[in-house]
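Hello,

I am passing this structure on to you, and I hope you enjoy looking through it. Please open it first, and then read my notes below.

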Amino acid sequence: MKHLIIVKSTPEVDPHAFALAAENHFRDIVKIPGVHDVRVIEGIREHENRYHFIIEIDMDKEALPAYNESKCHHDWKENYSSWIEKKAIFDYE
């Protein structure tokens, strides 16, 4: 399955720098059994109402609970939530 975290940064945060920080933060998530790959995809921001980047995590559906309980996931929420204006989570197979 794909687990997408779609992010719009706050106005005072540089979206490109945030995307790079997210990429660095999530790079070791593949150490969780059943998590296969992670990539950060930056958007083309031509309008105010656009999101800035997507974190795409490829994992087995059964790995989602381990991901949700992981230190990486909790650290993401604790350390970067103030940088996020809006986010959406979308899972699909």
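A residue is called buried when its relative accessible area is under 20%, exposed when it is over 50%, and partly exposed in between (1.4 Å probe, protein chains only). Glutamate 69 is exposed on that scale because its relative accessible area is 61%.

Before going further, a word on the source. This is a predicted model, in which local features need pLDDT of at least 70 and side-chain atom pairs count only at pLDDT 80 or more, while totals for chains, interfaces and linings use all residues. Residues are numbered from 1 along each chain as its sequence is written, and side-chain values use heavy atoms, with hydrogens and water left out.

Back to glutamate 69, which is found in helix α2. Helices (H or I, at least four residues) and strands (E, at least two) are DSSP runs, numbered from the N terminus. Glutamate 69 and histidine 36 are 33 residues apart along the chain, and their C-alpha atoms are separated by 17 Å.

Helix α1

Helix α1 covers residues 15-26, which makes 12 residues. From first C-alpha to last, α1 reaches 16 Å, close to the 16 Å expected at 1.5 Å a residue; the expected span is 1.5 Å times one less than the number of residues.

Which residues of α1 are buried? They are Pro15, Phe18, Ala19, Ala21, Ala22, His25 and Phe26. Seen down the axis of α1, these buried residues fall within an arc of 160°, so they line one face of the helix. The arc is that of the directions from the helix axis to the C-beta atoms. As background, an α-helix has 3.6 residues a turn, so residues three or four places apart point the same way.

The cover over the buried residues of α1 includes the strands β1 (2-9), β2 (35-42), β3 (53-59) and β4 (84-92), along with the helices α2 (64-69) and α3 (71-80). Contact here means heavy atoms within 4.5 Å.

In α3, the buried residues are Cys72, His73, Trp76 and Tyr80. Viewed down the axis of α3, they fall within an arc of 100°, so they too line one face of their helix. The face of α3 turned away from that buried side carries the exposed residues Lys71 and Glu78. Among the elements covering the buried residues of α3 are β1, α1, β3, α2 and β4.

How do the two helices meet? α1 and α3 pack at an angle of about 155°, with their axes 10 Å apart. Axes are lines fitted to C-alpha atoms, for helices over the stretch in contact, and angles run from 0 to 180 degrees between N-to-C directions. α1 and α3 are therefore roughly antiparallel to each other (angles under 35 degrees count as roughly parallel, over 145 as roughly antiparallel, 65 to 115 as roughly perpendicular and the rest as oblique). On the α1 side, the contact is made by Phe18, Ala21, Ala22, His25 and Phe26, and on the α3 side by Cys72, Asp75, Trp76 and Tyr80.

Tryptophan 83 lies in the loop between α3 and β4, and at 30% relative accessibility it counts as partly exposed. Leaving aside neighbours within four places in sequence, tryptophan 83 is in contact with Lys8, Ser9, Thr10, Val13, Phe18 and Ala21. Tryptophan 83 and lysine 8 are 75 residues apart in sequence, yet 8.7 Å apart in space, C-alpha to C-alpha.

Isoleucine 84 lies in strand β4 and is buried, with a relative accessible area of 17%. Not counting residues up to four places away in sequence, isoleucine 84 touches Val7, Lys8, Ser9, Thr10, Phe18 and Trp76.

Threonine 10, in the loop between β1 and α1, is buried at a relative accessible area of 10%. With residues up to four places away in sequence left out, threonine 10 touches Ser82, Trp83, Ile84 and Glu85.

After β4

Glutamate 93 is found in the segment after β4. Is glutamate 93 buried or exposed? Glutamate 93 is exposed, with a relative accessible area of 74%. Beyond residues up to four places away in sequence, glutamate 93 touches Met1 and Lys61.

Best wishes
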